[in-house]
Amino acid sequence: MPRLLLFLAVCLLAACHHLPPPRLVYSSGFTFANYDYVVVAKPDAGHQSAVLYGMDIDLANLLGRYNMKVVGDKELATMPASAQQRALVARFAMAADGRINTVTVSFDDERSNRTVASATAMVKGDIYNTEDRSRIFEALASVIVKALVHDKDTRALQ
């Protein structure tokens, strides 16, 4: 009996150290195929995750490689309404405690301000370490790229 309890305790401890895989969640009816433009928004000045360590630029470059036109919020405001309807706003959120980093990118429909998709990755490491930060972004980018490729390829087939 004590061996069984010890075995269960070790299994439980091992399960606690396993982080969930990166994931992307869509709202009902959403597809990246309906959007051509994206604004990568900066967090509010008073927000705790104001420092993104270049991940905002990495995200803009990534989205640009997958045929999303990255524009600024001032540029978007001057675009025709038809273009604004095809625009997303990408917003970062980050929580880091020195061991576990959780990074989320929310994609909001520009016209309705409704969050239509959200990608989240939890990665072990130190947010101040460049290699760890690259791993964090790569985990997040993996689910975003899969979605972009799937959605944009699906549109091409229609």
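Asp36 counts as buried, because its relative accessibility is 14%, where buried means under 20% relative accessible area, exposed over 50% and partly exposed in between, found with a 1.4 Å probe and protein chains only. This residue sits in the loop that runs between β1 (23-26) and β2 (37-41), and its side chain is joined to that of Arg86 by a polar contact of 2.7 Å, a term for a pair of N or O atoms within 3.5 Å, of which, within protein, one must be able to donate a hydrogen and the other to accept it, while residues adjacent in sequence count only if both atoms are side-chain atoms.

The model is predicted, so local features need pLDDT of at least 70 and side-chain atom pairs count only at pLDDT 80 or more, whereas totals for chains, interfaces and linings use all residues. Residues are numbered from 1 along each chain as its sequence is written, and side-chain values use heavy atoms, with hydrogens and water left out.

The chain has 5 helices and 6 strands, which are DSSP runs numbered from the N terminus (helices H or I, at least four residues; strands E, at least two). Along the sequence they follow the pattern α-β-β-α-β-α-α-β-β-β-α.

| Property of the chain | Value |
|---|---|
| Buried share of the 158 residues | 41% |
| Accessible surface | about 9600 Å² |
| Share of accessible surface belonging to carbon and sulfur atoms | 57% |

In helix α2 (residues 55-65), the buried residues are Met55, Asp56, Leu59, Ala60, Leu62 and Leu63. Seen down the axis of α2, they fall within an arc of 165 degrees, so they line one face of the helix; the arc is that of the directions from the helix axis to the C-beta atoms. Ile57 and Arg65 are exposed on the other side of α2.

The largest nonpolar core has 35 residues, of which Leu59, Leu88, Phe107 and Ile144 touch the most other members; such a core is a set of buried Ala, Val, Leu, Ile, Met, Phe, Trp, Tyr and Cys residues joined through side-chain atoms within 4.5 Å. Two or more residues each come from β2, α2, β4 (87-96), β5 (100-109), β6 (115-124) and α5 (130-157), and α5 gives the most, with 10 residues. Apart from this core lies another, of 9 residues, among them Val71, Leu76, Ala87 and Val89.

Definitions and conventions. Accessible areas come from the Shrake-Rupley method with a 1.4 Å probe; for residues, only the protein chains shown count as cover.
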